[in-house]
Amino acid sequence: MAVKDKDKEKEKEKEKEKEADKEEEKPKEKVKEKPKEKSREDLPTEKELIGSNKEVSIIRLVDALVEHGFKARASDIHIEPEEDKVRVRFRIDGVLHDAFIFPKQLQSEIITRIKVLSGLRTDEHQAAQDGRFKIPMDDSQFIDVRVSVAPTYYGENSVMRILAQQAQAYTLEMMGFSVKDRERIERAIKTPFGMILCTGPTGSGKTTTLYTIIRILNTAEVSIITVEDPIEYSIPGIEQIQVNSRAGLTFASGLRSILRQDPNVIMVGEIRDEETAGIAVNAALTGHLVLSTIHTNDAPTTLPRLIDMKVESFLIASTVNIAIGQRLVRKICSDCKTKEKLTEAELKSLADLHSEKSWDQNVYYVGKGCKSCGDSGYKGRIGIYEVLEVDDEIRQAIVRRADASDIKKIAIKNGMTTMLEDGLNKASEGITTIEEILRVIHE
């Protein structure tokens, strides 16, 4: 009997142990579920991106990297191989920032995953390739990404341009054009023929300006066709043609074919050579409104640049309606904006610099840096512009082949606001800082 009692006690102890084990397992299940409940509003950390264990999901890593860049407001993600590591940098508000360091062994897998997403050749490692892909987000929207892969000394690198669809909703006012400059652009848009040219360095917002103008022109009564390299944003109601040099479709050949498509408005992504310049000017002469970009430092230099491309001066004088020079500057973060006083020396140097209009205040604004702006003091960007309207006096200067400085003097006399002046006006209004204006214009 004593043996049986002992057996019963042992069985009871085993049952209690099983129940205790079950209770211990319950919290563990809850702990596993917590990552699933985590909001995607929280940015992935470096540990989450590369994983705490040795097994890394490359698919999740690339997706998280793009999502992290999107939520950090990055325009570009640079994946740069080095001798013993892979460096990832984000371009936020026009300035590159270090983001992550990955182990060197992940380099080929990351690049291969990006190539697969972009439809590029995974067996090609010695030539540059371009492509694009989309990544879905939780709120039924997609992140559109443009990809460039190129061979470097330490292996292939990749730059991913995040194309924010919000850019489609810009207006001229939101982009930072003054009332006077908006009126000039609206007058040029209403003209049924001629050329509207945007000028500035790469990344100065020229394409966004042209898309904004096209959105204004995009009505049921108008046929709009574009030739672009690449097509950055798709716009409903507009025929957009992608340049394909391998198939012989260049800006010049695309422009020729467009003229047979009965358009009212033509947008050429960029005037790069004499042939494209000649066809664009002839299209403007034959009753089309032509929009394009050209690489010069400011608006007045645009007109002599076309002469350098072997376009006759009298044709430029009769076709160009306006030339818009522009740069993008960082805006002061509204959460940490503070006032500061200028010293007498700073006031004097500003007065010399801002010769068109005296600087009559000794207060300016800066961002101290906070969590909202990542301690940079800046959040978002806005344009600074100069809009040169081609009037009779400037036409005469073009015909006599006046240089850019003479054209600039005439334009200022007739009311043009220079980029520097527009920038300093924005600094005095507390939109940006004086340092940012001088950084961008390189004065």
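Tyrosine 385 has its place in strand S15 (residues 378-389); strands (E, at least two residues) and helices (H or I, at least four) are DSSP runs numbered from the N terminus. The model is a predicted one, in which local features need pLDDT of at least 70 and side-chain atom pairs count only at pLDDT 80 or more, while totals for chains, interfaces and linings use all residues. Residues are numbered from 1 along each chain as its sequence is written, and side-chain values use heavy atoms, with hydrogens and water left out.

With a relative accessibility of 1%, tyrosine 385 counts as buried, a term that means under 20% relative accessible area, with exposed over 50% and partly exposed in between (1.4 Å probe, protein chains only). Leaving aside residues up to four places away in sequence, tyrosine 385 touches several others, including Met175, Phe177, Thr209, Gln326 and Asp422; contact here means heavy atoms within 4.5 Å. Aspartate 422 lies 37 residues from tyrosine 385 along the chain, yet their C-alpha atoms are separated by 6.4 Å. The side chain of tyrosine 385 also reaches the backbone oxygen of methionine 175 at 2.8 Å.

Aromatic rings come next. A search of the whole structure finds 4 aromatic pairs, where rings of Phe, Tyr and Trp (its six-membered ring) pair if their centres lie within 6.5 Å, and planes under 30 degrees apart count as stacked, over 60 as edge-to-face and the rest as tilted. The rings of tyrosine 153 and tyrosine 154 have centres 4.9 Å apart and planes at 80°, so this pair is edge-to-face. Tyrosine 153 counts as exposed at 76% relative accessibility, whereas tyrosine 154, at 36%, is partly exposed. Phenylalanine 177 and tyrosine 385 form a stacked pair, 3.7 Å centre to centre with 20° between the planes. This pair links distant parts of the chain, 208 residues apart: phenylalanine 177 is in the loop between strand S6 (155-163) and helix H5 (179-190), and tyrosine 385 is in strand S15. Both phenylalanine 177 and tyrosine 385 are buried. Elsewhere, ring pairs link Phe90, Phe100 and Phe102 into a cluster.

Charged groups meet rings as well. The charged end of arginine 330 sits over the ring of tyrosine 378, 4.1 Å from its centre, and that of lysine 337 sits over the ring of tyrosine 365 at 5.4 Å. Such an arrangement requires NZ of Lys or CZ of Arg within 6 Å of the ring centre and within 35 degrees of the ring normal.

Definitions and conventions:
A polar contact is a pair of N or O atoms within 3.5 Å; within protein, one must be able to donate a hydrogen and the other to accept it, and residues adjacent in sequence count only if both atoms are side-chain atoms.
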